[in-house]
Structures are given as structure tokens and as C-alpha cells.
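Thanks, everyone. Let me put the model on the screen and walk through a few places in it.

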Amino acid sequence: MPDAAATASRRSGWSVRYRLLAIALLPMLVISPLLLAGTIARWNNKFDELLITKVNSDLTIAHEYLSRILDDTGEKVRALGESARLRNILVGEGETGLYDYLEQARLRLGLDYLYVVEPAGRIIGSAPYSFANTTRTDWPVVTEARAKGSHTAIDIFAAAELASIAPALAQRAYLEIVPTPNAAASDRTIETRGMVIQSATRLTFEVAHGAVLVGGTLLNGNLDFIDRINELVYPRASLPEGSRGTATLFLDDVRISTNVRLFEDKRALGTRVSNAVRAAVLGEGRVWLDRAFVVNDWYISAYEPIVDSFGNRVGMLYVGFLEAPLIRNRLITFTTIGLSFLVIAAVTVPIFLRWARSIFEPLGLVTNTIAKVEAGDLAARTSIKSGHDEICRVALHLDVLLDQVQERDRALRDWNSQLEMRVDERTRQLQLANLKLEAATKQLVLSEKLAAIGEITAGVAHEINNPIAVMQGNLEVARKLIGSHADVAKSELDLIDEQIRRVNQIVMKLLQFARPEEYAGFVERHAPARVITDTFPLVQHLLNKSRITVRRHDQATRLVGMNRTELQQVLVNLIVNAIHAMPDGGLLTLKTSDLDVDRGPGVVIEVGDTGRGMTEEVLAKIFNPFFTTKSGEGTGLGLSISQKLVDRQGGRISVESSPGRGTTFTIWLPEAAESPAEYAELT
């Protein structure tokens, strides 16, 4: 039995030793390589992101320089257009001539052409002198300058347009296209178009009223321009050794100005961009930030589209740097890190094994002692005077204490979570109660206001009716007193009668609208056109204050069944909203027509305006109670109440609107009349 216990103890001891050995070697031989590989992979990704960030920053610098060139060209032309000397030449005060002055200015400002064009399109002066009468003058920059004062943009000139300005410009733009790997398939062999920065400014002199001064610079073959961009983006020592920065200006997908080299001293003019870049930048209008094949090698590249004055993508601006030296340096770095790790592992592993042996021996003694005690040998000792055998007991007690602490901490966290949930629930309940209270308060205040308005309106109507009745009675008395002489002023007296009846009608309709509860509750059959006509006196004062034209199309032949006051209330709400939507005037359209829908035959009433219109977000909320776009002026209940009144009669109300194009509300109500004869009687 003791022999079996000793054997089990030895097996257990060997198991512990192997585990400790694994623990000692695992960090160095397994975990460290994995961490190192993960770190290298992450570093590699971050390095690639850094390269993309750098090339994006380089593109930003190039873009800003191109923008500055555009601004400088615009400033030059604008300053020339405001010069007193040009004015004196135009009025003929002692200068040799407009053509000589424009040629001198063109050379001084570094422009390829200058000309002055009248509003009718006739060129009255140009430089160089070779301008043809067929030179195009209807560019958007000219139109914008004539309207706004000045404008600068990039435009593409055909070969004939360049030749009409100066044959030398057409020769500069001529370029043979070089077959390029990875480019899109094309049968083009030459490029004759020119990319031009042209600027225009309106002349404000009285003698040249409406005339425009136009100047431009051809970018084709402009190597100073592209080399300057390259110097700004990639100054000396800004890239790793062996790499080089490049910049290019494209017309469509053809390089018309570049410092990319085909050979040592030959620039890659006439080569084309890869098909992938062309599709992304010119086809989709995206900025390309990635590696790309440039002529004969891979570059970390950035491309952005160039848009002309017509809004078309006509070319690209490119910056980038050679990728091969970076890849080579990266491989050298990775190789150095790997070799360093192997050297460190070869040196440290033997040291770890020696340290492990110093732990294995005491553990073997502890294991044998425990086995002897389990076998019944209570006098067994480890003979370790330093007391290493107590480490396991301390660890065990520490684990127990830590288990207790963790359990108590878990209980506290559970209580804390429950408390936070209860607080959040109570907070939500209080917020909901506050919202309900605010809504109820608003509705109560609104109800009180509407009730007060109804009482005031009823009082005003009563006060107006009394003097009107007196006036009407006195008019009858006057007729009787005058007798036969009343025929002399019959038309005037009849007009007074008509106006008194009109005032009575307006007061009655105002009273019906202000106190609808006294007139609602029953359904009547009405011709919609008649109801619209009776509604206009209620809103006529608003129409009189505006520059709104009213147009009506009464095509309905059916009657609708709805309380007259309620229908008027709906129409007043819609017409007032339309008037408010057209503060600067517009067209108010009211249309009635017959329409059969899935619910049966009915009548459609349309109220349309040409006002500001509404967004989709506003359209989704307009029928919600208390929602209004009239900051502090509206109650937000008009459309909500209108919808309820129409729905109650089995109808429906809908709206179509878009910003800047106006709004149209459509009311459909079911038919109530039985025959066209009844419609004629009610109308």
C-alpha cells in the first residue's frame, strides 16, 4: 500500500512539474509570438492607414494650391477690370488702343488670353490679336460674372475653340496618347482638347455697361504648375529614402501635365490612368485614397475629380508616392523583429528552465510529504526549513477570502442595478405625467381663449346688427317720405340695400363660424362651390392684405352631406394656412370635381398654393394636435380638428407638398344628392 501511494505521488509530482514547465515556457514560445504577430499585423494596418492619411493630406495641399491658382487668376482679371487705365482707354482718353493694352496686360499677368465681350456677344478687344470672330463667348463664367460681378472656373476647350483664340494654344494642347497598362479600353490616339482656367469680371464703367472682361490660362503641358505642386507636397527629405513623390493633372483620364516619368528624363505625358481609378473618380465622383498602378509601378495614390463650370467631371488631380521602398523597408523591419525574437528566445529559455528546476525540487518534496501523510505517516516532514510548504495554504486561504469578497461585490452590484432601474422607471413616469399635464394645460388655455373669442364675436355681431337694422328701417322710411322722387336715386338706394344685406350676411357667417356649436349637430346637403363662395367673406380681409391671386375651377355636379359650419371651418383653416404660406404673394387655387373612389361616388375639394411648401418630416406631423410651424402664432389644432370633422362624415383629407413648390390639400367627401336637379336647386 505505501508503494502504491508513493507511485501515485510521483505521478502527481511529474504532472505538476510538466504543468509548471509549460507555464514557464508558454509565454515565451507561444503567447509572445502570437502577441508579436498581432502587434505586427496591427502596426501594419496602422502604417497603411498612416500612408492613406498622408496621401490624403498631400491631396489637400495640392487642392488648395489649385484653388489658390483659380483665386489668383480671378483677382488678376478683377483688378484689371477695375483699373482706371482700362476705363480711360474705353472712353478714348489718350491711350494707344484697347488691343495694345490688353496684350501688355496679358503678358504682365502671365495669361494666355484676354478679351472684352459686349452683352450681345461681340468681342470689342482681345489679346493676342489673332482672336477670331467665331470665338465662343457664352461660357457660364461669363454669364455668372455678368449677373454676380465676377466668376472663375475650369473649362474644357475643343481644338477649334483654342485655335480661334490662338493657333499656338491648339498646338500646346495637342498630345499623342501613349498605350498604358491597366487603362480602360479606348481607340483614341490623340488628345486635342485643352483644360483652361478662365475668369470673368463685369465692367462697371458707364461706357462699357454690361461688358465683361475674360482671361484664361491653358493648363495642358504647364510643367511649372505641376512641379510647383510637387515641391509643395513633397519637399526634400519628406519621404523615405528611395521613394519619390509625384503629381499629375488629368484631362479626362489622360495625363496632360505630370512629373511621373516613363524614363529617366521623359515625362509620362499622354499616358492614361488605370481603369479602376477612372471608374471610381470620373464615373462615381469619389475621391480615391488607396494604392494604384501609375504608368509602370505601384504608388500610394490620391485622386480627386475636377469639375468644370457646367458641373461635369472633366479631369482629375493626383498626388502620390512610390510604394516599393516602403514595402522593402517594412520587410526589413519585420525580418529584424523576427530575428531579434529568436535570439532573445535562445538566450532566455535556458535561464527559464534553470529557474523552473529550483521550483520543481521543493514541489517534489511537498508532493512526497503529502503522499506519506495520506498513507498514515504523520511524522513525515519535508525538511524545508524555509517553510515553502505554507505557500499552498496561504494561496488557498487567499482564494477563499477572494471568493467571499467577490460574492459580496456581486450582491452589491445587483442591488445597485435594481435601484437604478427603479429610479429610471419613476423618472419616466414623472416625465410622462408632466407631458400629459402640459398638454392638458395648453388645451385648457386654448379652450378658454376660443370660448372668449366666441363670446366676443357674438357680442360684436349683435352690436353690428342693431345699427344695421336701424339703417335699414330708416332707409325704408326715407323711401316713403321721398315718395315718387325716390326713383331718381333708385340705383343708389338699391346699392345701400345690397350692402346692408351683405353686412348682415358677413355678420351671420362670422357668428356661425365663431359659435359652431349652435349650428352644428345636423347634416345638410350642399353644393361645394356655394360653400366656398360663402366662405370667402370670412377670409377676404386677409386676401386684401396680400398679393395673392385666387383662381377657382368649379366642376363638381354632386352635393356633399356635411354640416355647413363644419365644412366652412375646414375650408377657412386651409385657406388661412395657404395665405400664411405665401407672404410675398402667389396663386391660391380652389378646385371642385366629381371623383369615385373605393368608398363610392363623391366630391373632391382641392386647396392649393404656390408657397414655401413643407418637408417630409413636417408632412408626417401636420395632423398631430398642437403641432405648428408658426412659431408662437398658431395653436397647432387647425388641421387636427379639420381632419376629425372630415373623417366624421366618412371623408378623408390628404396633402401633397415639397419645399419651394407649394402645397395642395385634397378633401374627399361622399356624395349626398340623388340627382343633378337637386344640385341645381341648391346652387
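Which residue in E19 is the bridge partner of Ser658? It is Gly662. Before going on, some ground rules. This is a predicted model: local features need pLDDT of at least 70, side-chain atom pairs count only at pLDDT 80 or more, and totals for chains, interfaces and linings use all residues. Numbering starts from 1 along each chain as its sequence is written, and side-chain values use heavy atoms, with hydrogens and water left out. Helices (H or I, at least four residues) and strands (E, at least two) are DSSP runs, numbered from the N terminus.

Strand E18 (residues 652–658) pairs with strand E19 (residues 662–670) in the antiparallel sense, over seven bridges. Pairing here requires at least two DSSP bridges between two strands. Three residues lie between the strands, and Gly660 takes a positive phi near 85°.

Now look along E18. In a regular strand, side chains alternate between the two faces of the sheet. Here Ile653, Val655 and Ser657 point to one face and are buried. Buried means under 20% relative accessible area, exposed over 50%, partly exposed in between (1.4 Å probe, protein chains only).

Next hairpin: E8 and E9. Strand E8 (residues 245–251) and E9 pair in the antiparallel sense over four bridges. Leu249 has Ser257 as its bridge partner in E9. Two residues sit between the strands, and Asp252 in the turn has a positive phi of about 60°. E9 is mostly covered, with five of its five residues buried.

Where is it? In the loop between strand E9 (254–258) and helix H8 (275–283). Why does Arg272 count as buried? Because its relative accessibility is 11%. Its side chain makes a polar contact of 2.9 Å with that of Asp253. A polar contact is a pair of N or O atoms within 3.5 Å; within protein, one must be able to donate a hydrogen and the other to accept it, and residues adjacent in sequence count only if both atoms are side-chain atoms. Leaving aside neighbours within four places in sequence, Arg272 is in contact (heavy atoms within 4.5 Å) with several residues, including Ile177, Thr180, Val254 and Arg255.

Last stop, a sheet. Five strands form an open sheet in the order E2-E1-E7-E6-E3, with antiparallel pairing. Strands E2 (123–127) and E3 (150–157) are the edges, each pairing on one side only. Inside the sheet, Thr201 stands opposite Leu213 in E7.
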